[in-house]
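Student: I am new to this structure and would like a close look at one part. How many disulfides does the count come to? Please take me from there to the surroundings.

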Amino acid sequence: MTDDTALEQIRDRLLARRAELQRRQQRIDLDLQRQHEPLSKDFSDQAIQLENDETLEAIGHAAARELEEIDLALARMARGLYGQCRTCGEQISAARLAAIPHATVCQRCGEK
């Protein structure tokens, strides 16, 4: 990817998504710490709350993985390697990068 304007737009998208995910993780952490809603005294309500905690934790883990991928994409940008498939070394298509800005492999290698 050589178009500086397109690269800057993708970088801005990555940074915006990164900020959104960080806010999400902060909200999840607050919810899991029960600062806004303490654990209910009712056993059946507690069971529901704990099930919700498991869902929140799964969402938090997914956000953390995506944050790592975004940080790696930003690092590749800084090194001038963004858009290069880490498997075969070919350029990742602009369409793939538009859909998945933190993609590290081209479509062909991703399907293997």
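Tutor: The count comes to zero disulfides. A disulfide here is a pair of cysteine sulfur atoms within 2.5 Å. Take Cys88: its nearest cysteine sulfur belongs to Cys85 and lies 3.7 Å away, and Cys88 is in no disulfide. Cys106 is in no disulfide either; for Cys106 the nearest cysteine sulfur is that of Cys109, 3.6 Å away.

A word on the source. This is a predicted model, in which local features need pLDDT of at least 70 and side-chain atom pairs count only at pLDDT 80 or more, while totals for chains, interfaces and linings use all residues. Residues are numbered from 1 along each chain as its sequence is written, and side-chain values use heavy atoms, with hydrogens and water left out. The pLDDT is the predictor's confidence in each residue, from 0 to 100. Its mean for the protein is 87, and 88% of the residues reach 70 or more.

Now back to the cysteines. Are they buried or exposed? Buried means under 20% relative accessible area, exposed means over 50%, and partly exposed lies in between (1.4 Å probe, protein chains only). Cys106 has 7% relative accessibility, so Cys106 counts as buried. Cys88 is at 31%, so Cys88 counts as partly exposed. Across the protein, 27% of the 112 residues count as buried.

Helices are DSSP runs of H or I, at least four residues, and strands are runs of E, at least two, numbered from the N terminus. The protein has four helices and zero strands.

Look at Met77 next. Beyond its neighbours within four places in sequence, Met77 is in contact (heavy atoms within 4.5 Å) with Leu7, Ile10, Arg11, Leu14 and Tyr82. Ile10 and Leu14 are buried in H1, as are Leu21 and Ile28. Confidence is highest in H1, at a mean of 91, and lowest in H2, at 87.
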